[in-house]
Amino acid sequence: MYNYIKIEQKQAVTVLTISAPKSLNALNSTVLGEMDDALSHLPEGTRALVITGDGEKSFVAGADISEMANLNEEQGFAFGKKGADVFRRIETMPIPVIAAVNGFALGGGCELAMACDIRICSTNAKFGQPEVGLGIIPGFSGTYRLAKLVGMGMAKQLIFTGKPIKADEALRIGLVNAVYEQPELLNAAVQMAESICANAPLAVAYAKECINKEYDLKADDAVAYENKMFGRCFATEDQKNGMKAFLNKEKPAFNGK
Ligand code: CO8
């Protein structure tokens, strides 16, 4: 169905694999279009998404430099917006998204990983924002998300120098949550996704919405937002089922309503 991405459903977990091996899974506008379409048509029953890259060398080696080379200002804006919109969609979709970073995560690749909720990587992973060495800046919201994730000082160092960092350094600065041997990475991501799927889907979705929204709010507004969403949980069947199961010493069966 797609030329550059593969979709595989493992019960409630769907794995989206970016597969453009000739360019180390670089993101051209066709890949971005296919990703956008795939995100709109995830297999029914998907409750968590894992995003990874094909092969053992690269997650995504950036936006496609051959496509960008001759863009003018207007086209550069449009290309940046196309990627930024897809990534924002990942960030705001009501299911958890885990990046299984299996190699190079450079430029747009690092930005894709950062748009996901959780990042884990293989020992050979390399992260970086090399754009200034190409005469551009991160264009898929990297200047925004990197500073949020690792702090402004480290984000400025990574973006100004353009120098990539290895998996252990990415772990140290909090850019990834865990590092695995390459053969174990995808399974670890799927297992983490499955453990999330065992919880109430609406509660997970509300928690994601709260964490994302409250980060940009003032303390009083953030506390009030969580309060509102906490109350909303009590309008769900999942809350009734979850608490009833606990009191009956049973395993909860959540239906996402
Ligand atoms: N775009 C296009 N082609 C690429 C890219 C890329 N980002 N990365 C690798 N390729 C291609 C290479 O050109 C090469 O093709 P060919 O075989 O036809 O020569 C093939 O993939 C294999 O690559 P290498 O031979 O270079 O493999 P190495 O193992 O020697 O090196 C690297 C791997 C280190 C990953 C190297 O390929 C590299 O430095 N790639 C570019 C990394 C980079 O700079 N990424 C950032 C791009 S800019 C960006 O992402 C901006 C995002 C925001 C855009 C906003 C738009 C307005």
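This is a predicted model: local features need pLDDT of at least 70, side-chain atom pairs count only at pLDDT 80 or more; totals for chains, interfaces and linings use all residues.
**Exercise 1.** Work out how the rings of phenylalanine 87 and phenylalanine 140 are arranged, and which parts of the chain they connect.

*Solution.* Take the distance step: the ring centres lie 5.3 Å apart, and pairing asks for centres within 6.5 Å. Next comes the angle: the planes of phenylalanine 87 and phenylalanine 140 make 75 degrees, and over 60 counts as edge-to-face. The pair is therefore edge-to-face. Now place the partners: phenylalanine 87 sits in helix H3, while phenylalanine 140 belongs to the loop between S8 and H5, so parts 53 residues apart in sequence are tied together. As for accessibility, phenylalanine 87 is buried at 0%.

**Exercise 2.** How many aromatic pairs are there by this rule, and what is the geometry of phenylalanine 79 with phenylalanine 140?

*Solution.* The count comes to three aromatic pairs. For phenylalanine 79 and phenylalanine 140, the centres are 5.8 Å apart and the planes stand at 65 degrees, so this pair is edge-to-face. It links distant parts of the chain, 61 residues apart: phenylalanine 79 is in helix H3 (residues 73-92), and phenylalanine 140 is in the loop between strand S8 (126-128) and helix H5 (142-150). Phenylalanine 79 has a relative accessible area of 8%, so this residue is buried.

Methods: Residues are numbered from 1 along each chain as its sequence is written. Side-chain values use heavy atoms; hydrogens and water are left out. Rings of Phe, Tyr and Trp (its six-membered ring) pair if their centres lie within 6.5 Å; planes under 30 degrees apart count as stacked, over 60 as edge-to-face and the rest as tilted. Helices (H or I, at least four residues) and strands (E, at least two) are DSSP runs, numbered from the N terminus. Buried means under 20% relative accessible area, exposed over 50%, partly exposed in between (1.4 Å probe, protein chains only).
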